[in-house]
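User: Can you walk me through this one? I'd like to go chain by chain.

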Amino acid sequence: MDDLSRFKQTYFDESAELMAVAEAGLLRLSPGDVDMDEVNAIFRAVHSIKGGAGAFGFSELVAFSHEFETVMDELRNGAIPVTTDLIDTLIRANDLLGQLLGYAGDETDPPPGLTDDTVAALRHALSANRNSPPQPVAESTAPPASATPDDEDDEAGIFGDALAAINAARADDDPSGTGSGSATADRVRWTIRFRPKNDLLLSGNEPAYMLRALRRLGEVNIHCHLDDLPALADLDAELLHLSWTITLTADASVGRDRIDDVFEFVADDCDLQISADAPLPAVVEPTAPAASAAAPPPARSEPAAVPAPPATQTTTPPATTAPAAAAQATTGKGDGAKTDGPTKPRGGNGGGDHGGLTTHTIRVDLDKIDRLVNMVGEMVITQAMIAEHLRDLPPGQFQELQEGLEQLAQHTRELRESVMSIRAQPVSSVFSRMPRLVRECAALTGKEVLLATSGENTEVDKTVVENLVDPLTHMIRNSIDHGLEGPEERERIGKPRAGTVHLSAQHRSGRIVIEVTDDGRGINRAKVLSKAIEKGLVQPGASLTDEEIDHLIFLPGFSTADQVSNLSGRGVGMDVVRRNISALGGRIGVYSTPGEGSRFVLSLPLTLAVLDGMVISVGEERFVLPLTNIVESLRPKPVDLHGLVNKCDVMMARGEYVRLVYLHRLFGIPKAVDDATRGLVVLVETEDGSRLGLVVDEVLGQQQVVIKSLESNFRRLDGVAAATILGDGRVALILDVAGLREMSRHTGDSDRARPAPTPALAGPSPSPRQRQTV
Amino acid sequence: MEPRVKKKVLTVDDSRTMRDMVSFTLRGAGYEVVEAADGQAAMTAIAASKVDLVITDLNMPVMDGLTLIRKLRAIPAHRSLPILMLTTEADDSKKAEGRAAGATGWIVKPFNPDKLISVVQKVCG
Amino acid sequence: MSMSSSMALATVGGSRSDALSLNGTEDQYVSFTVGTEEYGVNILAVREIRGWTPESRLPNLPDYVRGVINLRGIIIPIFDLRARFGGGKTEVTKRHVVVVIQVGERTRGILVDAISDILAIGPDAIKPPPDVDSGLIDAEYLSGLYTAENRMVTLLNVDKLFANEHGDHQDPADTRAIAGSAATS
């Protein structure tokens, strides 16, 4: 049905959760310590993914998850042991499952052969690792024959005895007495014994089609015989080991020739016996032959009306309305004490006692929350607008209005926080991916690594969580690859063989701070410096502080690895991490002690929807500077300003020289203050701690602003992080301080239109000191 | 057709996707559908309100489908409650197991919506 | 250009659509003036027409990108059609008008002098622009010419007109990565 698509999102969401469950489970799995609940959970996860995939027709996904599931099934049955190899294979399989889900989500076909290796490994695990001789797959608890034949096809069925009960009940309910059997025509029951040769499939024939074709002739009851099925290990999947007995109840008009037709192409490749049973009792309307097969279900009453079926099926007692009473009596008692009480909720199965159906949580489409966030954003803007108008009123009057507005502001803030908390997620969803990464990195580098985590429950906006994955991945790789020593070296210098990487998260003054600490060798400053000089990032002979050297690793194009290793040398360096973090309004810094290790500190806003900013004006334009970047604003005296080799202006601020960047020059804004002593210098700090003096006309005040995308209808602009709407309804751009620094540094390279005269501040090689500071 | 009280179907599956699909299909066919994510929750649901049919997955956490069926059958009031098992494998041994536990019938996942409706109509009208 | 934009184009750029010549229905165009010239865009692409509100400028862009405005909470760019066609930047007054166009997922405003008409134009009435091969006119954004009484209306393919002002083809992070590496190399 077309409505299927409506479930796809649910499916992909759910699958992502299941994948995470499976992955976490797999990572906890280790030889000799097998938690069966865990294995079962993984099995179920894969099983559910397969189930859904089948519903949507994602055939690659079905095929692969089936292989995966089979191994998990054997594992939980104890048929194969847990080995390190197997765990690795399963982790790979889980990865691949994720990839296939991705392809399915994009509605593209996965590259051919994508799963081949892993499938082979999975199959190998099945055949090579058996704990004990394989059991026959179908130890055939052969279906207990029933007095009433099952009403079934290959998609669904009702057990004969149950059906009889239902039909009996139906008949009781039907006072007219016409319900049952009224539509049955004059019919013949055929018994067909179909035993194909085992190479039937090789001829391109498909028994399922034949069975289906039979179904079109009438009502069929199919029994598949599994007796000839070899043990799984001996199974040749290309050969057929099944045979069938089919009873076909068809109109009298369906002759033997019609049945023969079905098997026309395989007549020589199978052993086929077809026999007709006695005609069924004549029925009410013998003149309506075709009615029965197509009749709506309630009218399908044939099984109940049928007399004793062929001999092979008559050995069991007649149908009972309490099916399999014996089985349930024993099993019911066996664990009855524990589970009988239907009202007894299970701990951890949240809220099982509230009608049993729901937990205390609801699932809400993200779009809805985003709409809510937007509305709150609009409210913040409206409130700022009212506040602005109110400022124009004579002071001292409208006291109550003022107070009301303050209350409104407070409520708006609380509302915003509540809404944002809906989007909040613990960072554990990202942290939980890291053990896996550490394993891989350790394996690739031959190092021994322990990962410690803390603060996993720290909550942060969903978008921030999602954007944490890449930077964290890179930082951890970096720590293992560059930071930690090999086990031998560590032993030699008296450290434990295994290095430790500690990943932590915490809230600190309205931001989330994430630290990646290692106890390795620390940053090799001599090496970093010589590399930077070699790459022309630093002038030879420059004197840099330790901290400055450490931060060189965030410069574009910097990479310390002597040879590009498998890990860090994937084309991106810490500069990309820094840039991505900074695009999220975050900052990253590094602290390192030689011989003791390094600590990377990353801080991000808790939400990407709102930020606290300082509104500034330049010419007729207004901009917003994120508060987190601002150190202070000052009005320099002429004596504080210096020209530096005619290239740029520097200013003494807090005992340090900082380079001045005139925003109006950078952005080409007319009618702006060009003299820093008559405007203001906002001292801003980029994520690596380097400072810059931004020359603006005026600082208008601090304000909470709602972040609006410039890119959704336009595109990204250098030096601009996003946009917002101010109280008067006008748009203001939110500045990207790191981007401004880049721009000011490379203006010489730029071919952009620049109406205002470009100052000569971007010489290709400012002093190393400035490189660092600016 | 004369007005009738909607039949209530309980769908038990740990997969949200599957529950959604069953619910959507059956609601469209005029059934009231309630959901439970595992056997235990299903037991609770059944105790809390009368249901006319249970459609249950087999592999589930906390309490699996076969256990659910057995437990229901052990309660006199639910001896004749129709229970369909929704399963990816409908081989004979699986069916035999279900039958032995007391299932009324089975539906193969993924299911054809029309098929599901027709089977449901068959067992609970 | 994204898939969705091109698909929108198929329904919007009516004059070029074969489907329309088949069924022969007329399309409605909103026509507007810029100086002495008259232009038309398919009405299906027009989301609304609004009076001029002051824009916020964007740095370091060609003069035909006027800036951005707040359209009920979303931020849209405003393009100056006169500047785009080399007529210099428009001196805006309160009488100037912004035609808000929806192309695919994107919304943008076009600054014009005034709205002049709504025209029903059959596909047969649209003539190809002359000399498109000469390189004199960039035919990409022209979908044809139409004569209304004795005025000539230039029908615009708005999708193409400001297509290169969107970073659709580039991931923003890439853009910066490229800028960064170019700067250091």
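This is a predicted model: local features need pLDDT of at least 70, side-chain atom pairs count only at pLDDT 80 or more; totals for chains, interfaces and linings use all residues.

User: Start with chain A. How do helix 17 and helix 21 of chain A pack, and how far apart are their axes?

Analyst: Helix 17 (residues 462-483) of chain A packs on helix 21 (residues 574-583) of chain A at about 150°. Their axes are 10 Å apart.

User: Why those two numbers?

Analyst: Packed helices are described by the angle between their axes and by the distance between the axes.

User: Fine. Is helix 17 of chain A roughly parallel or roughly antiparallel to helix 21 of chain A?

Analyst: The angle is about 150°. That makes helix 17 of chain A roughly antiparallel to helix 21 of chain A, because angles over 145 degrees count that way.

User: Left-handed or right-handed crossing, for helix 17 and helix 21 of chain A?

Analyst: Helix 17 of chain A crosses helix 21 of chain A in the left-handed sense.

User: Which residues make the contact between helix 17 and helix 21 of chain A?

Analyst: From helix 17 of chain A: A:Asp470, A:Pro471, A:His474, A:Met475 and A:Asn478. Helix 21 of chain A contributes A:Met574, A:Val577, A:Asn580 and A:Ile581.

User: What classes of residue are in the contact of helix 17 with helix 21 of chain A?

Analyst: Five residues there are nonpolar, three are polar and one is charged.

User: Sheets next. What is the strand order in the open sheet of four strands in chain A?

Analyst: The order is 4-5-3-6, with antiparallel pairing. At the edges are strand 4 (218-225) and strand 6 (270-276) of chain A, and each pairs on one side only. Direction ignored, neighbouring strands of this sheet are turned by 15° against each other on average.

User: How many bridges link strand 3 and strand 6 of chain A?

Analyst: Seven bridges, between strand 3 (residues 187-196) of chain A and strand 6 of chain A. These two strands run antiparallel. A:Arg195 has A:Asp271 in strand 6 of chain A as its bridge partner.

User: On to chain B. What pattern does chain B follow along the sequence?

Analyst: The pattern is β-α-β-α-β-α-β-α-β-α. Chain B has five helices and five strands.

User: How many of the residues of chain B count as buried?

Analyst: 62% of the 125 residues of chain B. Now take the contacts in chain B with a separation of 6 or more: 58% of them are between residues 24 or more positions apart.

User: Give me one residue. Where does B:Gly98 lie, and why does B:Gly98 count as buried?

Analyst: B:Gly98 lies in helix 4 (residues 92-101) of chain B. B:Gly98 counts as buried because 27 C-beta neighbours fall inside 10 Å, and the cut-off is 20 or more.

User: Which residues is B:Gly98 in contact with, leaving aside its neighbours within four places in sequence?

Analyst: B:Leu66, B:Met85, B:Ala103 and B:Trp106. For B:Gly98 and B:Leu66, the separation is 32 residues in sequence and 6.6 Å in space, C-alpha to C-alpha.

User: Chain C now. How many helices and strands are in chain C?

Analyst: Chain C has five helices and 10 strands. Of its 185 residues, 35% count as buried.

User: Strand 1 of chain C: how many of its residues are buried?

Analyst: Six of eight, and strand 1 (residues 27-34) of chain C is mostly covered.

User: What does strand 1 of chain C pair with?

Analyst: Strand 8 (residues 114-121) of chain C joins strand 1 of chain C by seven bridges, antiparallel. There C:Phe32 is partnered by C:Ile115. Strand 2 (residues 37-42) of chain C also pairs with strand 1 of chain C, antiparallel over six bridges. C:Tyr29 stands opposite C:Asn42 in strand 2 of chain C.

User: How many residues sit between the strands in the hairpin of strand 1 and strand 2 of chain C?

Analyst: Two. In that hairpin, C:Gly35 takes a positive phi near 65°.

User: Last one. What is the order of the open sheet of five strands in chain C, and what is the pairing?

Analyst: The order is 3-6-7-5-4 and the pairing is mixed. Strand 3 (46-51) and strand 4 (65-71) of chain C each have a single partner strand, so one side of each lacks a neighbour in the sheet. The twist averages 30° from one strand to the next.

User: And how do strand 5 and strand 7 of chain C run?

Analyst: Strand 5 (residues 74-80) and strand 7 (residues 106-112) of chain C run parallel, joined by three bridges. C:Asp80 has C:Leu111 in strand 7 of chain C as its bridge partner.

Notes
Residues are numbered from 1 along each chain as its sequence is written. Chains are lettered from A and ligands numbered from 1 in the order in which they are written. Axes are lines fitted to C-alpha atoms, for helices over the stretch in contact, and angles run from 0 to 180 degrees between N-to-C directions. Angles under 35 degrees count as roughly parallel, over 145 as roughly antiparallel, 65 to 115 as roughly perpendicular and the rest as oblique. A crossing is left-handed if the near helix is turned anticlockwise from the far one by less than a right angle, and right-handed if clockwise. Two residues are in contact if their C-beta atoms, placed from the backbone, lie within 7 Å. Ala, Val, Leu, Ile, Met, Phe, Trp, Tyr, Cys and Pro count as nonpolar, Asp, Glu, Lys and Arg as charged, and the others, Gly among them, as polar. A residue is buried if 20 or more other C-beta atoms lie within 10 Å of its own, exposed if 12 or fewer, and partly exposed in between; C-beta atoms are placed from the backbone. Two strands pair if DSSP finds at least two bridges between them.
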